[in-house]
Amino acid sequence: MAEKTGGLEALTTLARFAAPRLLKHLAGGHAQAPLEPLRAQMAGVPLDELDAVAAAHAARDVEGTATKWTDTGLRIEAGEEVTLLAQGRLAMSKPLDIWVGPRMGLWGRIGDGKVFKVPAEASTLRAETAGTLRLIARPPGEWASPDGRFLPGHEDPSASGTIDVMAIKWRRSADEGLARLVACGLKGSLGGLLAAAEERIRHGVETPEGWHYLWRLGEGELYDKGKPEEEACIHCRTAADVGILQIPAERRLTDSLKLEWEWIAHELPSALPEHIQPTHDYLSIAVEFDNGLDLTYMWSAALPEDTIFQCPLEWWDERETHWVVRTKKDLGRWLPEERSIKADYERAIGGKVPEKVVQVWLIANSVFQRRPGRCDYRAIRLVDGDDRMDLC
């Protein structure tokens, strides 16, 4: 029989999470060291070098308390490349030391195009639409739609802090421009960000073919396509971020439909039970149904195997159910899995059974405790008798 989590367990977990953080906060241990503004550091770039490669650039402080988008003043045409360099953080809870950096809290929009998240502190994008580049600082998961509407109750900011952003629109290619600016030998955080942006262009993470990131959490660099000579087809690496990778996988939910996969976890992003919001950092694989619900099979650092619980996060608590299928005792070895999806749905969620599976997801979250998590996947497939859909 699957075990469900209770209120006492949640209170115990919260106390274990909060106590050391509150003590450190009272001792002043969570203070952030002051950062030299990027606009000031930009003065170290020779003007002739900057003018040779940059069509325009702009520095802006994007405030976490702002209710409206920050206009950078940069007009971007479709097809042009822009590099965004960012530093700073947004605090959701200073006493509990819960915060996100630019790769989780900085969002952009070009004209009336779709919102997008900056996937790293130093990243380059090629514009799909034309318009002025605007920025806003928000924690992940507060969007209601890709056109920039927020979930009810999230119209006002929920975090404080500032993200310092430098946006550079290139005359030709970002590759060429970054190489020339890196060669200037800048020190400090700007030099590091420019070098990181150049490195990502040359040796960036490659999203597995056919898979895409869930727009509500934004693009990321958590999942990398495995090379042909490697054991894994997908690598997952998470640290102080969150991402959901999805692939369309439509099949009728019959009694015999199964999800099969193999995985190996090297490191889990939580040190505590994951069933409350401040400790909800985990690695998992999920099935999404045509009724909008999903069932996710996860690793746990401290919950017993076969524990079932509703997601503790807002919005997700109405949609997602977690099932612990592996624990830390299983770390470090490849494990084959096979789940009867309909039987699992009836046991974990109940109610009217949906007609179809529509997508398979990979989930990695390390936002709250900011601990690294690492796992690899291979042989992901939906199987129903002789019908087999290979996804990885």
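Which strand is the place of Thr307? Thr307 sits in strand E18, residues 307-310. The legends below concern a predicted model, in which local features need pLDDT of at least 70, side-chain atom pairs count only at pLDDT 80 or more, and totals for chains, interfaces and linings use all residues. Residues are numbered from 1 along each chain as its sequence is written, and side-chain values use heavy atoms, with hydrogens and water left out.

**Figure 1. The protein chain as a whole.** The protein chain has seven helices and 23 strands; helices (H or I, at least four residues) and strands (E, at least two) are DSSP runs, numbered from the N terminus. Its C-alpha trace spans about 70 × 55 × 40 Å along the principal axes. Of the 392 residues, 52% are buried (buried means under 20% relative accessible area, exposed over 50%, partly exposed in between, with a 1.4 Å probe and protein chains only). Among contacts (heavy atoms within 4.5 Å) between residues at least 6 apart in sequence, 75% join residues at least 24 apart.

Figure 2. Thr307 is buried, with a relative accessible area of 1%. The side chain of Thr307 reaches the backbone oxygen of Pro304 at 2.7 Å.

**Figure 3. Two residues with positive phi.** Most residues other than glycine have a negative phi. Asp306 has a positive phi of about 80 degrees although it is not a glycine. Asp306 lies in the loop between E17 and E18 and, at 25% relative accessibility, is partly exposed. Asp97 also has a positive phi, near 55 degrees. Asp97 belongs to the loop between E4 and strand E5 (98-100), and its relative accessibility of 12% makes it buried.

**Figure 4. Gly292 and Glu320.** Gly292 is in the loop between strand E16 (282-289) and strand E17 (294-300). Gly292 is partly exposed, with a relative accessible area of 36%. Between Gly292 and Glu320 there are 9.0 Å in space, C-alpha to C-alpha, and the two are 28 residues apart in sequence.

**Figure 5. The largest pocket.** A pocket is an open set of points on a 1 Å grid over the protein atoms alone, where a 1.4 Å probe fits, with protein on both sides within 12 Å along at least five of seven lines; lining residues have an atom within 4 Å of a point. The largest pocket has a volume of about 1100 Å³, where volume is the space filled by probe spheres set on the points. Its lining has 33 residues, and Phe116, Leu125, Arg126, Glu128 and Glu219 lie nearest its centre. Elements giving two or more residues to this lining include strand E4 (81-93) and helix H6 (188-203). The largest share, five residues, comes from E8. By class, the lining has 16 nonpolar, eight polar and nine charged residues (Ala, Val, Leu, Ile, Met, Phe, Trp, Tyr, Cys and Pro count as nonpolar, Asp, Glu, Lys and Arg as charged, and the others, Gly among them, as polar).

**Figure 6. The second largest pocket.** The second largest pocket has a volume of about 580 Å³. It is lined by 26 residues, with Pro140, Gly141, Gln277, Leu313 and Phe368 nearest its centre. Strand E14 (242-252) and strand E21 (356-365) each supply at least two residues of this lining.

How values were computed:
A polar contact is a pair of N or O atoms within 3.5 Å; within protein, one must be able to donate a hydrogen and the other to accept it, and residues adjacent in sequence count only if both atoms are side-chain atoms.
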